[in-house]
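Have the 3D view open as you read.

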Amino acid sequence: MDPIAKYISQKISKTRWRPISPALLQQPEVFATGSWDNENNKVSIWSVGDHGVSNMDGEFDEEPQLLCDSQHDGDVMDLQFLDQDRLVSASSSGAVTIFKLQSDCQALSVAHVWERAHHYSCDNAPCTAIVCRSPEIVSVGEDGRVILYKADQTEVLRVIENADSSTIHAVTFLRTTEVLTVNSIGQLKMWDFRQQSDSPAQILSLTGDRVPLHCVDKHPNQQHIVATGGQDGMLCIWDVRQGNTPFSLTEAHSAEMWEVHFHPSNPNHLFTCSEDGSLLHWETTSGSDMSTLLQRGWNSRVVSHSAVSLAGENDSVVSAWLAGDSSKYRLEATHILPSQTLSVNSLDVLEQCLVCGTDGEAVYVHRQVPV
C-alpha cells in the first residue's frame, strides 16, 4: 500500500503521532503538524481514522482530515507530545509553548508559554529542539543553552547557560536525568541534571571534518545505542559506553539528514528523512535471515526480530546495530515515498503507521509499514 498524500498549502517542518494508550491494541489515528516559512504558522491536529470508507481492496485510503489548529508565533522548529492531551512546540522566536488538546481533539489551546526561553543579549534565539518525558521537558537552542522545565510549573527548573558555543540542533533523553545533545560542530554531549556543574558528563565527536549534526535518537531498549544524522547525509550509530567516535557510518542520503527515528517497539527498524527528498526505512538483518528475505522480496517482510523478544538470547543478536561482523549482519534500506524532489523535513513512526511532512506542502501517511 502506497502512502496517502494530503496537500495543505503550508510547508511542514514537523509531524508527530499522538501517543496511544498502551492498554488498547490499536493503530494511531491522530497526528500533529507544525509549519514553517509561512506568513502565519500553525500547529494543526489531523485524523486518519477510517471514517467508515474503504476502497475496492477493503483497504482504508481516506486522506487525513483537519480536526483543529492554533496559530504559532514563529516557525515551528520542533513538536513533541508530552502526553495524549498536551503538545509542546519549539519556536524560531525562542519560545517554548505547551498546547492543551481537548479529549475529543476538536480544539487546541495555549496552556503555557515560556517566552524568549532562548535568547541573545539583544535578540531572540531560535529554540531548535525539545524532548519530553512527562512531566519534564528539555529545550535546546541556537544560543547554546540547555533548559529543563516541569510541565506543571511556570518557573524554569534548570538552565545550563553556556552548554555550547555552537548551535545545539537536537536533544534526546538517555535516562531519567540524562540528556544527549548534538551540535553544529559534530559533537554529542551528555548532560546529567543531577550534577551541579555546567560541564557535560561526556563528549563524543565525529573525527576529521566537523560536520554539523542535525538529529539524534536513542534505541528504545538500549540507552547506550544512539543514531545521529547531519549535513553530509551520513547515518552514524554510536555506542556511548565505548570510545568517543561513532561505531558505524553509513552513506544514507545525498544531502542533509533532518530526522532519524528508531521504531519504538521494533528497534531493528530505523527511519531517516532528508533534504534530498527521500524517506528511508532501514532494517538490520542477520545472515540467516538474508536468504528468506531475498526469496520473499524484503518489502513484504512483516515479521522481524525485536530486541524485546531476543532479550534472552546472546547480546550480539540484540545489538544488531553494533554487530562488528558485517558478514553476519546486513543493513537493508527501502524508499518509502514515491520520487520526491523537495525536502522531507520530519517523520514519525508508531506501530505500523508512519507520517512525514515536506517542503512540497504535503503530508504523507503510510498505515502499513512492514515492521
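Ser 91 sits in strand β7, which spans residues 86-91; strands here are DSSP E runs of at least two residues, numbered from the N terminus. The model is a predicted one, so local features need pLDDT of at least 70 and side-chain atom pairs count only at pLDDT 80 or more, while totals for chains, interfaces and linings use all residues. Residues are numbered from 1 along each chain as its sequence is written, and side-chain values use heavy atoms, with hydrogens and water left out.

Is Ser 91 buried or exposed? With a relative accessible area of 1%, Ser 91 is buried, where buried means under 20%, exposed over 50% and partly exposed in between, using a 1.4 Å probe and protein chains only. Its side chain reaches the backbone oxygen of Asp 73 at 2.6 Å. Around Ser 91, leaving aside residues up to four places away in sequence, you will find contacts with His 72, Asp 73, Gly 74, Asp 75, Met 77, Pro 126 and Cys 127 (contact means heavy atoms within 4.5 Å).

Now turn to Ser 166, in the loop between β13 (158-160) and β14 (168-175). Ser 166 is buried too, because its relative accessible area is 11%. Its side chain makes a polar contact of 2.9 Å with the side chain of Asp 164; a polar contact is a pair of N or O atoms within 3.5 Å, and within protein one must be able to donate a hydrogen and the other to accept it, with residues adjacent in sequence counting only if both atoms are side-chain atoms. Beyond four places in sequence, Ser 166 touches Gly 144, Asn 183, Ser 184 and Ile 185.

Next comes the largest pocket, with a volume of about 1,600 Å³. Of its 47 lining residues, Arg 16, Asp 78, Gln 80, Ile 130 and His 261 are the closest to the centre. On a 1 Å grid over the protein atoms alone, a pocket is an open set of points with protein on both sides within 12 Å along at least five of seven lines, and lining residues have an atom within 4 Å of a point. The volume is the space filled by probe spheres set on the points, which are joined across faces, edges and corners.

Which strands supply at least two residues each of this lining? They are β2 (12-17), β6 (76-81), β10 (127-133), β14, β18 (213-218), β22 (257-262) and β26 (344-350). The largest share, six residues, comes from β10.

Finally, look at the charged pairs. Side chains of opposite charge can pair when their charged atoms come close. The structure holds 17 salt bridges, each a side-chain nitrogen of Lys or Arg within 4 Å of a carboxyl oxygen of Asp or Glu. One of them joins Glu 259 and Lys 14, with the closest N and O atoms 2.6 Å apart. This pair links distant parts of the chain, with Glu 259 in strand β22 and Lys 14 in strand β2, 245 residues apart. Both Glu 259 and Lys 14 are buried.

Asp 85 and Arg 18 also meet in a salt bridge, at 3.8 Å from N to O. Asp 85 lies in the loop between β6 and β7, and Arg 18 in the loop between β2 and β3 (30-35), 67 residues apart. Asp 85 is partly exposed because its relative accessible area is 30%, whereas Arg 18, at 14%, is buried.

Note on methods:
Helices (H or I, at least four residues) and strands (E, at least two) are DSSP runs, numbered from the N terminus. On a 1 Å grid over the protein atoms alone, a cavity is a set of points where a 1.4 Å probe fits but cannot get out, and a pocket is an open set with protein on both sides within 12 Å along at least five of seven lines; lining residues have an atom within 4 Å of a point.
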